Amino acid sequence: MNGDLKVALIGNPNSGKSTLFNVLTGLNQKIGNFPGVTVDKKTGYSKLPDQRSAQIIDFPGTYSLYPKSKDELIVVEALAHKKSPVHPDLIVFVADASNLKRNLLLYTQVADLKIPIIIALNMMDLAKRSGIEISVDALSKKLGVPVVPISARKQEGIEQLKEAISYAGKIPLQNDCIEVEALAPELVQKIRSELQVDLPYVALQLAHQHESLSFLDPHESDRVEEIEQEFSFHSQKVQAAETIARYHFINEVLFDTVKIKTGAKQESHSNQIDKILTHKVFGFLIFFAILFFIFQSIFSWSEYPMSLIEQLFVWMGNTAHQFLPAGVLTDLLVDGILAGLSGVLVFIPQIAILFAFLSILEDTGYMSRVTFMFDKIMRKVGLSGKSIIPMIGGFACAVPSIMSTRNIENWKDRMITIMVTPLIACSARLPIYTLLISLVVPANKVWGFISLQGLALMAMYVLSIVSAIVVAWVMKHILKARERGYFIMELPVYRMPRWNNVLLTMYEKVKTFVLQAGKVIIAVSVVLWVLASYGPPGRFERIEKQYQSTEYIQKYTSHELDQLTASAKLENSFAGVLGKSIEPVIKPLGFDWKIGIALVTSFAAREVFVGTMATLYSVDGDDSDMTSVRAKMQNIRNAETGELVFTPAVAFSLMIFYAFAMQCMSTVATVFRETKHWKWPTIQFVYMSGLAYLFSLLVYHLLK
Amino acid sequence: MKLSQLEPGQAGVIKEFTDLEMSVKLMEMGCLPGESIVVERLAPLGDPMAITVSGYQLSLRMREASTIILQ
């Protein structure tokens, strides 16, 4: 399906563009990428009153055609380049009626690109309530384009908008907004004639942005540069002059079309909320209370669906073993692919819940207040106020948190946030910590109420925050800034969240995670399965023979024999061989080859550690039953020296290792997807593994 | 007088900018010469500040506010 008409939705952030997109397309939408870049492109279809179908493309929200981030560059690339595959036949410009002046700046820029355009005047209800009266017909006459008042949230005016879309002609009707040539007459003239550009404003945009626009070939870009030097073109000065000229035009348009009654009610309403929510004391208290609630929910609400998913996969595995012929293919399907799939899908509840909350906080406008409150602290360590949310989300899971760094415009801030978020103690580390702490820390209480074990667990969480801050601070000095950091951010008025938008966000994020990270995780799980279930030739046969000899059969039950066989097989598998071969490297950290195997198998996901320990020590019951693992591990002694294996030194060294090491394939895959470069996940992996080794070594030798 | 010197609750009118690069970004967001500004509040730690300009609220760091000269 391609649609009879390609319609682009363009507008400021917070103008209600996405809401309108959802209303126009319903669930009939899909997410892809804009050609050549990683910016999410949402497209959908809308049936017009004349039975034609319109393809609607949602473009990233921007305040101007001069982009502040890579996401925003796509707008000018699509609109200024006629051959672009996303160049629209018609633009629906979404303007926030309660804030028309600033919204019209982008309109005048887009209008000068001479594509047929309709203005959807959104939030008319809100404007009315704040005492703004807009004469729609006069506005339409002055600009020369159809203006349709709508309320996307209340779904008002949508039919009229669709009608306007179906009536729209192929010829742009809008009046000129400013005299573009006057800004740089000779330069615009020369670029137009040499690069065969029709429109003066496109020529001017080429002059400003020729270095970043992908549709210019290097030769053309060089030529533009030469022309600029010929006429000593100063980009920022011309841009400032253009902005002033445009606001002159806008003031003239608004002068007799918009009336503002004094005593705006909506604004003060929002102001009053802000007095509490960004208060010196209450502001932080409320923030931490909300945070606490979100964490409680992520842990408690996801517990049931997560165990349901796990059970489902256990059941599927058992059923498959029962009905499929035993053999390599069945094993691969069950222990490789199904196990990998379960490792992916089990994260869905946490991701869905975290993103539901994030989308509510974003939608209501609270998120920008959090950013506002924390900017100063975060800036000190090389982050920005916008880094706070991903880092907090890191306590649950680094994967969705890294996905949520997209709204950090500054490249350096975003990279540092991505690099340090996996250091935060995520929920997958929790089972490892609780197991190891219960092994070596006595369950005593100090002064009757402070549990030592709880204290140790808290120390691990505090350590994760401190390490993230220190690493961020170091990276602040290493990474070179690509652009000057600034923080000029709109504080939108508080609104009720849109529930269907929350659901859509959940659905989209989960889908992205499953499709993108899922591929890598399943691939790695299959590789690990091969490593753990095959060994150098001849070894497995010997083990089977050994345990099937009469001597063993008389001594053990068949169940015990199975466990012994499994344990011996793992020891002799490629993973086991690998674990043994890395023993010299990990011995200084206090780890033996069995822990080495667990390190290898938990390479893809930390939580596998407990399961591997269970298999290695042939523990009865399923992997999640921790008490039996603990009882067994507590009494393990080194075969040669007779000393306990899990001394406090070893246990803490191991915890420190897991605190720093990047033992999570999902995160690696997500970082790759978000940075579109193997360089970043590689650097992250190397620095985290380096820290893990170093600090484990230190801790082991201090405690030994 | 600079915008960064205003206390919460005080108002002023933009006269000019001291930094060209910053001025381009500020003007795009509606901070134009002749436009009036009200400082609504400071962040709990004193930076950034929230202002009302062109009918909406904007937050900016003190360093950025110090590039705005008021009448």
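Predicted model: local features only at pLDDT ≥ 70, side-chain atom pairs only at ≥ 80, totals over all residues.
## The model and its confidence

The model as a whole scores ipTM 0.94 and pTM 0.80. In chain B the mean pLDDT is 92, and 100% of the residues reach 70 or more. Within chain B, confidence is lowest in α1(B), with a mean of 91, and highest in strand β5 (residues 68–70), at 95.

## Chain A at a glance

Chain A has 704 residues, and 43% of them count as buried. Its C-alpha trace spans about 100 × 60 × 50 Å along the principal axes. If you trace the chain, you will pass 32 helices and 12 strands. Take the contacts in chain A between residues at least 6 apart in sequence: 72% of these join residues at least 24 apart.

Helix α1 of chain A covers residues 17–25 and is mostly covered, with eight of its nine residues buried. Among the buried ones are K17(A), L20(A), F21(A) and L24(A). Just after this helix comes G26(A), which takes a positive phi of about 65°.

Further along, helix α18 (residues 411–420) packs against helix α20 (residues 452–478) in chain A. Two packed helices are described by the angle between their axes and the distance between the axes. Here the angle is about 145° and the axes lie 9 Å apart. The crossing of α18(A) and α20(A) is right-handed. On one side of the contact are I416(A), M419(A) and V420(A) of α18(A); on the other are A468(A), V471(A), A472(A), M475(A) and K476(A) of α20(A). Sorted by type, the residues of this contact are seven nonpolar, no polar and one charged.

## Where the chains meet

Now look at the place where chain B touches chain A. The contact takes 31 residues from chain A and 29 residues from chain B. On the chain B side, α1 (20–28), β2 (36–42) and β4 (56–60) each supply at least two residues. The largest share, nine residues, comes from α1(B). By type, the chain B side divides into 15 nonpolar, eight charged and six polar residues.

Strand β12 of chain A (residues 489–491) is joined to β4(B) by three bridges, and the two strands run antiparallel. In this pairing, L491(A) stands opposite Q57(B).

Most residues other than glycine have a negative phi, and most peptide bonds are trans. A few places in this model go the other way. In chain B, a cis peptide bond joins D47(B) and P48(B), with omega about -5°. You can find P48(B) in the loop between β2 and β3 (49–53) of chain B.

In chain A, M123(A) is not a glycine, yet it has a positive phi of about 60°. M123(A) is found in the loop between β6 (117–122) and α4 (124–129). Is M123(A) buried or exposed? M123(A) counts as buried because it has 28 C-beta neighbours inside 10 Å, and the cut-off for buried is 20 or more.

Q155(A) is another residue other than glycine with a positive phi, near 55°. Q155(A) lies in the loop between β8 (147–149) and α6 (158–167) of chain A. With 12 C-beta neighbours inside 10 Å, Q155(A) counts as exposed, since that label applies at 12 or fewer.

Methods:
Residues numbered from 1 in each chain as written. Chains lettered and ligands numbered in written order. Contact = placed C-beta atoms within 7 Å. Helix = DSSP H or I, 4+ residues; strand = E, 2+ residues; numbered from the N terminus. Nonpolar A, V, L, I, M, F, W, Y, C, P; charged D, E, K, R; others polar. Pairing = 2+ DSSP bridges. Axes fitted to C-alpha atoms, helices over the stretch in contact; angles between N-to-C directions. Left-handed = near helix turned anticlockwise from the far one by under 90°. pLDDT = per-residue confidence, 0-100.
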